[in-house]
Amino acid sequence: MILILTSNTDPQSADYLQLMAHLAGLDGIKTRVHVERGAEQTLTEIYLIGNTKALDLGDMQSLPCVERVVRVSEEYRILGRHKDDPRPAHFEYNGVKFSQDTLNVFAGLCAVDNPEHVELMLKALKENGQVCTRMGAYKPRTSPYAFQGHGKNCLPYVFELAGKYGIKVIAMEITHESHLHEIRAALQQTGNPTGVMLQIGTRNTQNFELLKIVGRQQEFPVLLKRGFGITLDESLNAAEYLASEGNRNVVFGLRGMKTNMGDPHRNLVDFAHVPVVKRLTRMPVCIDPSHSAGTRAAGPDGIQDIMHVTAQGVIAGANMILVDFHPAPVKALVDGPQALLLKELPQFLEDVQIAREAYLKRLALQQRYQNV
Ligand code: PEP
Ligand code: MN
């Protein structure tokens, strides 16, 4: 059960203290307070955990400071979609809006290799009107002998160049708490020229201690990739870990499932789950066509599989695209064979636009027919 308090409730006020005292007296019920500070108002929600079935909705509604009560199902309490749930389902970070209605493209390097390639990438993005990118600094690799990413050493030039080319948000995977501190320090050192969306990779989807650490900070939003060998439910619960610790600015990423049933693709593309995740939760849904298809192969129509699967995700309502590009894929230190070329960026973006327009038309069609 969630108690949504009247906006700008003062935690020192007599009413609030009376409410908390009452809740503390409820048998077998624990409370968790979540405060969301916006530009105009502060919203407070109190999550009641335990045997809430015994609580009467009307009684709870009449408590001081309570504006609304939502009875949530057991599943995905914070991020889930519940009946009569008025909680906002969008967030803004560094001027970029993320919701189940928007679409943001994060094209960029799988792994940062050198400043020259970073600059070529960011310049191409700016020329094509893009304000988001992906830049891997910490790379979880199958082999311990493979390139592990430049780590904190590349952060200053990545952030400075991002600022130079007007990039607002960089998706960047972290695999350890120290990476979070290094990113924060490098942003400060460079004067916060850009923003970072922390990415939890598929190999860490159920790294619960990492999720708790990332969930405890509200400075950076999070892109959580679906685990490649676990159920959708398990991955959605992983996202809920982030929210239950306090960070609900979470985007859920589909990146394909590990099985040879997807051959010759790198993973079995799972973008049919875009509407499923949107139905079960209020998270924006990201698709990663590069790590799912994983090849520059094209159909006999000449269109690359990566572009085909991107279109499939977007036409189903995806809200974010994470896609690998590289100025010189043969020189890339990670995932060169799946990187699109900079000269393919305009085509990619136009193709995305076609699919997005088709989705919006489908949406209008649905709305027209649901009223007949
Ligand atoms: C990535 O996006 O660079 C990546 C490693 O993805 P995943 O965790 O989905 O394999
Ligand atoms: Mn990769």
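Predicted model: local features only at pLDDT ≥ 70, side-chain atom pairs only at ≥ 80, totals over all residues.
Q: Which domains does the assignment give for the chain?
A: Bounds of this kind come from an automatic or database assignment. Here domain 1 covers 2–71 and domain 2 covers 92–370.

Q: How far apart do the C-alpha centres of domain 1 and domain 2 lie?
A: The centres are 36 Å apart. As for the contact, domain 1 and domain 2 each contribute six residues.

Q: How is the area buried between domain 1 and domain 2 read?
A: Buried area is summed over both parts. For this pair of domains the figure is about 440 Å², with 24% of it on carbon and sulfur atoms. On the domain 1 side, the residues that lose the most area to domain 2 are Arg32, His34 and Glu36, which together make up 77% of what that side buries.

Q: How many salt bridges and polar contacts are counted between domain 1 and domain 2?
A: A salt bridge is called when the side-chain nitrogen of Lys or Arg comes within 4 Å of a carboxyl oxygen of Asp or Glu. Two salt bridges are counted between the domains. Arg248 and Glu45 form a salt bridge through their side chains, at 2.8 Å from N to O.

Q: Which elements give two or more residues to the side of domain 1 that touches domain 2?
A: They are β2 (29–37) and β3 (42–50). β2 gives the most, with four residues. By class, the residues on this side of domain 1 are three charged, two nonpolar and one polar.

Notes. Residues numbered from 1 in each chain as written. Chains lettered and ligands numbered in written order. Heavy atoms only, no water. Contact = heavy atoms within 4.5 Å. Buried area = accessible area lost by both parts, 1.4 Å probe. Nonpolar A, V, L, I, M, F, W, Y, C, P; charged D, E, K, R; others polar.
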